[in-house]
Amino acid sequence: FFFANFRLPKQAMGMVLGRISEEMPAHTVLARASTYEVRRYARSVVAECSYGAGGWGGGDDGSPFGALARYIGVFGKPQNDKEKIAMTAPVLVTPEPIAMTAPVLVSPGAEGQATHTMAFVLPASKYSSIADAPKPLDPRVTLRQLPERVQAVRTFSWNFRPEAAKKNLDILLDDLAKDGCWAVERGADGQPRWQAAGYNPPFALPFMKRNEVLVDVQPNPNCPKAEE
């Protein structure tokens with residue numbers, strides 16, 4: 001009887017069904033393939049927080065999310081020096097080797113040890129630079145300006161977990177190599193520069209969720225399709 005008469009608020013029901021109402025990063029689509037698309041993203045400001053030593057999926061996933069949520073004021077008074085900030089989508093996770101990243105973005109660790117950062121993209125409609133954004137009061141949260149960038153993107157549903165992201169990353173890299181029109185950018189360690197993006201809350205229906213893997217790319221001047 002209770003469940004037969006239970007009604008979720010309209011906004012909450014939309015979130016359960018995968019509806020995304022938050023502001024998303026501005027971009028233009030440069031190309032579309034059957035399994036991915038290539039986007040040019042505008043400059044944006046992100047608030048970042050590093051995971052613990054276990055990294056993404058290591059059992060402490062709530063720690064960076066909680067720090068970032070408190071920074072923008074999800075749980076009440078925002079932990080910044082200015083104002084409450086509107087939530088945006090997606091939440092970004094970036095794998096980074098500690099030795100190759102700036103000290104303000106990651107925790108100290110042994111050389112070669114892997115870590116990850118979680119980031120909230122701040123609303124570009126209000127914050128165009130770090131100077132515009134509220135200063136975090138939690139030292140674990142840092143601000144960074146993302147430059148304009150070109151990324152190949154593969155979308156997938158179900159759970160936003162490291163294993164699923166890596167599987168879809170491998171598929172995306174394989175498809176890019178087969179097409180030959182977009183060169184993958186790699187770091188000094190030879191690994192592709194990539195991110196995982198989650199657009200929905202954990203309680204959204206898994207098959208309605210929108211998740212993505214994004215890889216930094218540049219046009220390949222020797223694209224086979226250009227010769228056709």
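Me: Which residues does Leu122 touch, leaving out residues up to four places away in sequence?

Reply: A contact means heavy atoms within 4.5 Å. Leu122 touches Val45, Val46, Ala47, Tyr71, Ile85, Thr88, Tyr127, Ala133 and Leu143, with residues up to four places away in sequence not counted.

Me: What kind of model is this, and how are its residues numbered?

Reply: This is a predicted model, in which local features need pLDDT of at least 70 and side-chain atom pairs count only at pLDDT 80 or more, while totals for chains, interfaces and linings use all residues. Residues are numbered from 1 along each chain as its sequence is written, and side-chain values use heavy atoms, with hydrogens and water left out.

Me: How many helices and strands does the protein chain have, and what pattern do they follow?

Reply: Helices (H or I, at least four residues) and strands (E, at least two) are DSSP runs, numbered from the N terminus. In the protein chain there are 4 helices and 10 strands. Along the sequence they follow the pattern α-α-β-β-β-α-β-β-β-β-α-β-β-β. Residues 24 or more positions apart supply 71% of the chain's contacts with a separation of 6 or more.

Me: What share of the residues in the protein chain is buried?

Reply: Buried means under 20% relative accessible area, exposed over 50%, and partly exposed in between (1.4 Å probe, protein chains only). Of the 228 residues in the protein chain, 43% are buried. One of the buried residues is Gly66, because its relative accessible area is 9%. Gly66 lies in helix α3, residues 62-72. Cys49 is buried too, because its relative accessibility is 2%. Gly66 and Cys49 are 17 residues apart in sequence, and their C-alpha atoms are 9.6 Å apart in space.

Me: Which cysteines form a disulfide?

Reply: A disulfide is a pair of cysteine sulfur atoms within 2.5 Å. The count here is 1 disulfide. Cys181 and Cys223 form it, with their sulfur atoms 1.9 Å apart. The torsion about the S-S bond is about 45°, so the disulfide is right-handed. The pair links distant parts of the chain, 42 residues apart: Cys181 is in the loop between α4 and β8 (182-184), and Cys223 is in the segment after β10. Both Cys181 and Cys223 are buried.

Me: How many salt bridges are there, and which residues do they join into one network?

Reply: A salt bridge is a side-chain nitrogen of Lys or Arg within 4 Å of a carboxyl oxygen of Asp or Glu. The count is 11 salt bridges. Arg40 forms one with Glu148, the closest N and O atoms being 3.6 Å apart. This pair links distant parts of the chain, 108 residues apart, with Arg40 in strand β2 (residues 37-41) and Glu148 in the loop between β6 (142-146) and β7. Another salt bridge joins Glu37 and Arg32 (3.4 Å, N to O). Glu37 counts as buried because its relative accessibility is 16%, whereas Arg32 is exposed at 67% relative accessible area. Arg210 and Glu212 also meet in a salt bridge (2.9 Å, N to O). Arg210 is partly exposed at 25% relative accessible area, whereas Glu212, at 0% relative accessibility, is buried. Salt bridges that share partners join Arg32, Glu37, Arg39, Arg210 and Glu212 into one network.

Me: Which residues form a nonpolar patch on the surface?

Reply: Patches are made of residues with over 30% relative accessible area and no salt bridge; like charges are joined within 9 Å, and nonpolar side chains (Val, Leu, Ile, Met, Phe, Trp, Tyr) within 5 Å. Accessible areas come from the Shrake-Rupley method with a 1.4 Å probe, and for residues only the protein chains shown count as cover. Trp158, Leu205, Phe207 and Met208 form a nonpolar patch, with about 400 Å² of accessible area together. Trp158 is in the loop between β7 (149-156) and α4 (162-179). The protein chain exposes about 12500 Å², of which carbon and sulfur atoms supply 57%.
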